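Please keep the structure open while reading.

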Amino acid sequence: GQKEEEVVEAFSRTTDPTTIYKLQKMDRDNLIDITSFDVITWLKNEMDVKLKEECARAIVYGDGRKSGKNKINEGCIRPIVKDVAAYKTDVTVGYKDDTDSDIALALMDQVLVALDDNHGTGTPDALVKQSIVTKMRLLKDKNGYRIYKNLDEIAGAMGVKRIIPVPNSIAGDNLVVAVNLADYYVGTDKGGQKTMFDDFDLDVNKYEYLIETRFSGALVEPKCA
């Protein structure tokens, strides 16, 4: 078990907000030439989607950057997979051999067993690496028929509410993250709401668009992931 002082420190921590932003530039000439649709509205919508994706990645896995001025501060938005043992439990999956079916079955069994010790709110979702989702969907019985018709059936067998496939490049070495995101608290200061800025740079003849948000985030329930 953990030392008492480590647990007290984990449960009494504070998490301050940080800023996440996305910058986009477009040549004025190109903007004038595009007349078939409203490119500015499309661009701003695309930036909004990408910002949400970046925030979601930071919350679950971290932003993927090792360092640099643009790296999201993991002391402000605490990635679930990197959190301390007081809030999440790491599980290593063992299997007999490297066949797709054995890996998928072992993983599903281990998630179901691990959830016995999960203290989160309600039934968690499972964010599953895409290559693992494929292995699960391809599982067949002795007669060669697919065992599971859809992701809902797989979720039921794993004891989770739903399966959320995650691109391999984002999930990395994390095969499954089982968590109810209701146990991950996101907070912001006044003025930290999502904001869009635009400007024109005369020197390079480019329009510049910036969308940013400022918030903090962390798991708030013990052993909930």
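Seven helices and seven strands make up the secondary structure of the protein chain. The model is a predicted one. Read from the N terminus, the elements follow the order α-β-α-α-α-β-α-α-β-α-β-β-β-β. The protein chain has 225 residues, of which 33% count as buried. Its exposed surface comes to about 13,800 Å², with carbon and sulfur atoms supplying 49% of that area. When contacts between residues at least 6 apart in sequence are taken, 72% of them join residues at least 24 apart.

Strands of a sheet pair through backbone hydrogen bonds, in either a parallel or an antiparallel way. Here three strands form an open sheet with mixed pairing, in the order β3-β2-β4. β3 (163–166) and β4 are the edge strands; each has a single partner strand, so one side of each has no neighbour in the sheet. From one strand to the next, the twist averages 20°. β2, residues 125–129, runs antiparallel to β4 and is joined to it by four bridges. Within this part of the sheet, Leu127 is placed opposite Val177 of β4. Helix α6 (residues 151–158) lies across β2, β3 and β4, and runs at about 110° to β3.

In soluble globular proteins, nonpolar side chains tend to be buried together. The largest nonpolar core in this model has 26 residues, and Ile77, Ile80 and Leu219 have the most contacts inside it. At least two residues of this core come from each of α3 (39–60), β4 (176–179) and β7 (206–219). α3 provides the largest share, with seven residues. Another core, of 19 residues, lies apart from this one; its members include Ile103, Ala126, Ala155 and Met158.

With neighbours within four places in sequence left aside, the residues in contact with Leu219 include Ile80, Tyr87, Val179 and Cys224. Arg13 and Asp83 are also among the contacts of Leu219. Where does Asp83 lie? Asp83 is in the loop between α3 and α4 (100–114). Is Asp83 buried or exposed? Asp83 counts as buried because its relative accessibility is 6%, and the cut-off for buried is under 20%. Not counting residues up to four places away in sequence, Asp83 touches Arg13, Lys88 and Leu219.

How values were computed: Residues numbered from 1 in each chain as written. Predicted model: local features only at pLDDT ≥ 70, side-chain atom pairs only at ≥ 80, totals over all residues. Heavy atoms only, no water. Core = buried A, V, L, I, M, F, W, Y, C linked by side-chain atoms within 4.5 Å. Buried < 20%, exposed > 50% of the residue type's maximum accessible area, 1.4 Å probe, protein only. Contact = heavy atoms within 4.5 Å. Areas by Shrake-Rupley, 256 points an atom, 1.4 Å probe, with all protein chains shown as cover. Pairing = 2+ DSSP bridges. Axes fitted to C-alpha atoms, helices over the stretch in contact; angles between N-to-C directions.
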